[in-house]
Amino acid sequence: MIKFNDENLAEVEKLIQHYPEGKQKSALIPVLHLAQSQFNGWLDVPVMDYVASLLKIEPIEVYEVASFYSMFNLKPVGKYMFEVCHTGPCMINGSDKIISYINQKLNIGVGGTTEDGIFTLKTVECLGACGYAPMMQLGKNYREHLTEEKIDAIIDECRGNNSDTINNFNKMNA
Amino acid sequence: MSKKLLLAKAHIEGIRSYDVYRGEGGYSSVEKALKMQPAEIVEEIKKSGLRGRGGAGFPTGMKWGFLAKPEGVPRYLVCNADESEPGTFKDRYLMEFLPHLLIEGMIVSAFALGSNTSYIYIRGEYHWITDILQKALDEAKQNGWLGKNILGSGFDHEMYLQRGAGAYICGEETALLESLEGKRGNPRIKPPFPAVKGLWDCPTVVNNVETLAAVVPIINEGAEAYSKIGIGKSTGTKLISACGNINKPGIYEIEMTESVEEFIYSDRFCGGIANGKKLKACIPGGSSVPILPANLLLNTAKGEKRYMNFESLSDGGFATGSMLGSGGFIVLDEDQCIVKNTYTLARFYRHESCGQCSPCREGTGWMEKILKNIDDGKGKMSDIDLLWDIQRKIEGNTICPLGDAAAWPVAAAIRHFRDEFEWHVLNPEKCLTENYGLAHYADPIHVAVAV
Ligand SMILES: Cc1cc2nc3c(=O)[nH]c(=O)nc-3n(C[C@H](O)[C@H](O)[C@H](O)COP(=O)(O)O)c2cc1C
Ligand code: SF4
Ligand code: FES
């Protein structure tokens, strides 16, 4: 049975309170974020149906939203997603090289996942870090000013660690 | 030295926390505003000359004046923190380092608008910033700046955060409202404007992060003092996010009296072009605005110095000028390929089109394909005219301005860099390994620029 853990259930209750009565559908995107983080990083149909029942909306209302936004994954992904930006400003600063380095190092193409299910490589459009290019999103945070050495270190960090450390990585750009 | 109104305190240790922020005089604008009449505050904002910092530069006080006030219907204030225009990363800086400044500005704005609930809609990828803002919201509430009867004034206000999930189009205000309602980010047909029918069909004001933060210094220092900073209809200070091939990429708060030349070459700002290279071109206001070759960037077609403000950057219209836009300043050096750069931007707009209007949905994909071909050395001369034709058919024929935003970069690239496109077509092998280079772009203006 698909069900949110208690913490997420409490969070859903809280989210619904942010909107006027009867407008609980507004909580859909935040609730889908919660669902994706609890259920292995992607949104399977039964998960979306569960979200629909929680918010008392039709399943189709959930599917159409989940398929619109690029942060929602409708297929399984690796434990760590390297989301490398390749829009103009990052391209100018060498994002192509970073992408091909990851291709070669992990032996996966863009959109691919390593056989052990640990890494997925994705290209994304501008993430608002253009001055700190090239960059990628990893979990909650950004990794910026990427170099081949930094990619090596990040891969080692992921291999040796659990997702908590990745998500608590807290770098600030001064 | 440029005066700093927004970032003056950004480097104070611990300023992100409530105690330090308050200790530095934070929230004083709320104390002042709650003793004023809401209409007086709107008047102050009008007098300040503040123009929206989200890209369009619409006068903020006027926008607030349009807000409908039907009896018994709630009004909403929504902060647009979707920041997704390539080249733009200034709102991120404000929220990351000065979260309380945004909250303070929003409380004053909400009071002026008579709004008891506001939302900050932040792009989903700024996940760690959501945590920073949530902490600041909790602190503000614990200290009585949010909630019921704020400072005993009788004014109630709640402020909530909502994360998006990866869609540039949700920065367009009506798409943002759709998204806030839990739907796909499809822009609405206007009118009705949000000021009349916005969030859940209630009157709504949508403003950019930087716009709402600027309300704080306006109330603190007075509209008159604020309006004296800057020049003409570009009052106050502007945050510029500078990136590309420069020595010092980052966020700069500038008075809009600085020249473009000073901004690029001075050590106070970008510190010149990186690696001793030469300036080739620049997109001065986020990826949607026209790219300019170096000569037209530093000086207008009339040969006058160009300045970092709304009027000067648009001098010459689209034929020879550009726009201040969102303040996303993208600098390209002599080694950059205009075709490739234009291709990545076309791909961006195709990726972000919501698909509602056929000129935008089909046109962006078509332009991307043609540009990719030219970049790959597979283009034909007729492709250049075809591109021109497609962009013209998109512009002005769509529900929201994303169509225009996709058309303009392509139009400007062809208008100013046509020879580079032709060179690609004529040199299908060479263009894969070599760059066209600087050509005459950096020379003093010597050709009458057509179109
Ligand atoms: C495609 C598109 C994307 C936009 N993205 C943003 C954005 O990320 N942030 C923003 O503040 N305004 C954005 N805007 C402008 C908003 O529609 C709106 O004009 C702005 O939020 C109003 O705030 P302001 O008056 O304070 O500038 C975008 C507009 C369009 C057409
Ligand atoms: S112009 Fe493009 S993004 Fe805007 S509504 Fe039409 S299809 Fe959607
Ligand atoms: S272009 Fe990559 S973060 Fe903006």
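Q: Before we look at any lining, what counts as a helix or a strand here?
A: Helices (H or I, at least four residues) and strands (E, at least two) are DSSP runs, and they are numbered from the N terminus. The model itself is predicted.

Q: With that settled, which element gives the largest share of the lining of the second largest pocket?
A: That is E4(B), which contributes five residues to the lining of the second largest pocket.

Q: Which elements of chain B each supply at least two residues of that lining?
A: They are helix H5 (90-97), E4 and helix H18 (402-426), each with at least two residues in the lining of the second largest pocket.

Q: What volume does the second largest pocket have, and which lining residues are closest to its centre?
A: Its volume is about 1300 Å³. There are 46 lining residues, and Gly54(B), Gly55(B), Ala56(B), Gly171(B) and Glu172(B) are the closest to the centre.

Q: How do the lining residues of this pocket divide by class?
A: The lining of the second largest pocket has 19 nonpolar, 16 polar and 11 charged residues.

Q: Which residues come nearest to ligand 1?
A: The shell around ligand 1 holds 18 residues, and the nearest of them are Gly54(B), Asn80(B), Asn207(B), Asn208(B) and Thr211(B). Gly54(B) was also listed among the residues closest to the centre of the pocket.

Q: Which strand gives the most to that shell?
A: Strand E4 (residues 204-208) of chain B does, with three residues.

Q: Which polar backbone atoms lie close to an oxygen atom of ligand 1, and at what distances?
A: For Arg53(B), a backbone N or O atom is 3.3 Å from an oxygen atom of the ligand. For Glu83(B), a polar backbone atom is 3.1 Å from a ligand oxygen.

Q: What about the side chain of Asn208(B)?
A: An N or O atom in the side chain of Asn208(B) is 2.7 Å from an oxygen atom of ligand 1.

Q: How much of ligand 1 does the protein bury?
A: Ligand 1 taken alone exposes 620 Å², of which the protein buries 89%.

Q: Changing topic, how many cavities of 30 Å³ or more are there?
A: The count is four. The largest cavity has a volume of about 80 Å³. Among its 14 lining residues, Ser353(B), Cys354(B), Cys357(B), Cys360(B) and Cys400(B) are the closest to its centre.

Q: Which helices of chain B supply at least two residues each to the lining of the largest cavity?
A: They are helix H16 (358-375) and H18. By class, this lining has eight nonpolar, five polar and one charged residues.

Q: Now the backbone: which peptide bonds are cis?
A: One of them runs from Ala133(A) to Pro134(A), with omega near -10°. Another runs from Pro191(B) to Pro192(B), with omega near 0°. Most peptide bonds are trans.

Q: Where are Pro134(A) and Pro192(B) found?
A: Pro134(A) is in the loop between strand E2 (119-124) and strand E3 (136-138) of chain A. Pro192(B) is in the loop between helix H8 (173-180) and E4 of chain B.

Q: And what is the phi of Asp201(B)?
A: Asp201(B) has a positive phi of about 65°, although it is not a glycine. Asp201(B) is placed in the loop between H8 and E4 of chain B.

How values were computed
Residues numbered from 1 in each chain as written. Chains lettered and ligands numbered in written order. Predicted model: local features only at pLDDT ≥ 70, side-chain atom pairs only at ≥ 80, totals over all residues. Heavy atoms only, no water. Near = heavy atom within 4 Å. Polar contact = N/O pair within 3.5 Å; in protein donor to acceptor, adjacent residues only side chain to side chain. Areas by Shrake-Rupley, 256 points an atom, 1.4 Å probe, with all protein chains shown as cover. 1 Å grid on protein atoms, 1.4 Å probe; cavity = no way out; pocket = protein on both sides within 12 Å on 5 of 7 lines; lining within 4 Å. Points joined across faces, edges and corners; volume = space filled by probe spheres on them. Nonpolar A, V, L, I, M, F, W, Y, C, P; charged D, E, K, R; others polar.
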